[in-house]
Amino acid sequence: MRGILLEVLEHSGGLTVQDIFIRIAAATLLSVIIYISYWFTHAGTTYSKKFNVSLITLTILSATVITVIGNNVALALGMAGALSIVRFRTAVKDSRDTTYIFWAVIVGLCSGVGDFWTAIVGSGIVFAVLLLLGRVRNENRILLIIKAQKSLEGDIEGIVFQHFDMKPQLRVKNTTPETVEFIFEMGRHTYNRTYKKEKNITQLLYEIDGMEYVNVVTQNDEISG
């Protein structure tokens with residue numbers, strides 16, 4: 001009985017255990033290249049460790065599926081039907097991440113059919129292209145939120161634009177008969193450059209009578225799940 005089970009396992013799907021192991025192992029090794037590439041080409045808020053780990057598992061799973069399917073058309077159609085009921089709701093926070101998803105799937109497909117050289121050469125070229133393009137940075141945005149008396153509207157705009165060398169963008173201005181509220185947006189680099197000045201923006205604004213509050217908020221595009 002044991003011999004029969006071993007024979008069934010070794011020759012299931014027309015592939016030996018060694019063939020299956022080689023294909024899955026190749027996919028795993030190549031997925032490490034994808035992992036390193038994603039880690040190196042992303043920085044700051046654009047990098048997601050969970051997404052990067054998912055690229056490794058996606059590559060392995062793709063290789064496993066293709067190894068199972070092989071040249072069996074009926075099994076391929078059945079597998080496609082089974083997978084079609086799955087619905088993915090995870091938002092891709094950066095369009096560049098789509099490239100890595102396709103890269104992981106393609107490497108898995110190549111490894112699953114045993115076409116290792118195509119996977120190696122293709123991965124090497126993609127890695128080199130992404131390396132030449134450099135690291136992708138997503139600079140945090142600084143929001144400066146100010147609320148004061150309506151009569152200070154012009155003074156506040158003048159102080160903010162002069163302090164930051166006309167770099168901020170006025171995103172929101174809410175007014176009532178008594179008060180005015182501003183939301184200015186600028187890059188972190190623009191905000192940090194003012195550290196060398198004698199007074200920071202909050203000190204300058206609070207020197208004006210009638211100031212209610214000044215808030216500094218960091219905003220980014222990170223999507224947590």
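## Overview

The protein has nine helices and six strands; here helices (H or I, at least four residues) and strands (E, at least two) are DSSP runs, numbered from the N terminus. This is a predicted model, in which local features need pLDDT of at least 70, side-chain atom pairs count only at pLDDT 80 or more, and totals for chains, interfaces and linings use all residues. Residues are numbered from 1 along each chain as its sequence is written, and side-chain values use heavy atoms, with hydrogens and water left out.

Of the 225 residues in the protein, 31% are buried. Buried means under 20% relative accessible area, exposed over 50%, and partly exposed in between, with a 1.4 Å probe and protein chains only. Among contacts between residues at least 6 apart in sequence, 74% join residues at least 24 apart; contact means heavy atoms within 4.5 Å.

Let's start with helix α2, which covers residues 17–41. Its 25 residues should span 36 Å at 1.5 Å a residue, and the end C-alpha atoms are 36 Å apart, so the two values agree. The expected span is 1.5 Å times one less than the number of residues in the helix.

The buried residues of α2 include Arg 23, Ile 24, Ala 26, Ala 27 and Leu 30, and also Ile 34, Ser 37, Tyr 38 and Thr 41. Ser 31, another residue of α2, is buried with a relative accessible area of 0%. Leaving aside neighbours within four places in sequence, Ser 31 is in contact with Ile 56 and Thr 59.

Two packed helices are described by the angle between their axes and the distance between the axes. α2 packs with helix α3 (residues 49–69) at an angle of about 155 degrees, the axes being 8 Å apart. That makes α2 roughly antiparallel to α3. Axes are lines fitted to C-alpha atoms, for helices over the stretch in contact, and angles run from 0 to 180 degrees between N-to-C directions. Angles under 35 degrees count as roughly parallel, over 145 as roughly antiparallel, 65 to 115 as roughly perpendicular and the rest as oblique. The α2 and α3 crossing is right-handed, a term used if the near helix is turned clockwise from the far one by less than a right angle. On the α2 side, the residues that meet α3 include Ile 20, Ile 24, Ala 27, Tyr 35 and Trp 39; among their partners in α3 are Phe 51, Val 53, Ile 60 and Thr 64.

α3 also packs with helix α5 (residues 97–112), where the axes come within 7 Å and cross at roughly 30 degrees. These two helices are therefore roughly parallel to each other, and their crossing is right-handed. Thr 99 and Val 126 are 27 residues apart in sequence, with their C-alpha atoms 9.8 Å apart in space.

## The four-stranded sheet

Four strands form an open sheet in the order β4-β5-β3-β6, with antiparallel pairing. β4 (169–175) and β6 stand at the edges with a single partner strand each, so one side of each is left without a neighbour in the sheet. From one strand to the next, the twist averages 15 degrees. Helix α7 (residues 153–163) packs on the sheet and touches β3, β4, β5 and β6; its direction makes about 15 degrees with that of β5.

Strands pair if DSSP finds at least two bridges between them. Nine bridges join β3 (residues 141–149) to β5 (residues 179–187), and Ile 142 stands opposite Met 186 in β5. β3 also pairs with β6 (residues 211–219) over eight bridges. Here Leu 143 stands opposite Val 217, and Lys 147 is opposite Tyr 213.

## Two positive phi values in one loop

The loop between α7 and β4 holds Asp 165 and Met 166. Asp 165 has a positive phi of about 55 degrees although it is not a glycine, and is partly exposed, with a relative accessible area of 47%. Met 166, also a residue other than glycine, has a positive phi near 65 degrees. At 60% relative accessibility, Met 166 counts as exposed.
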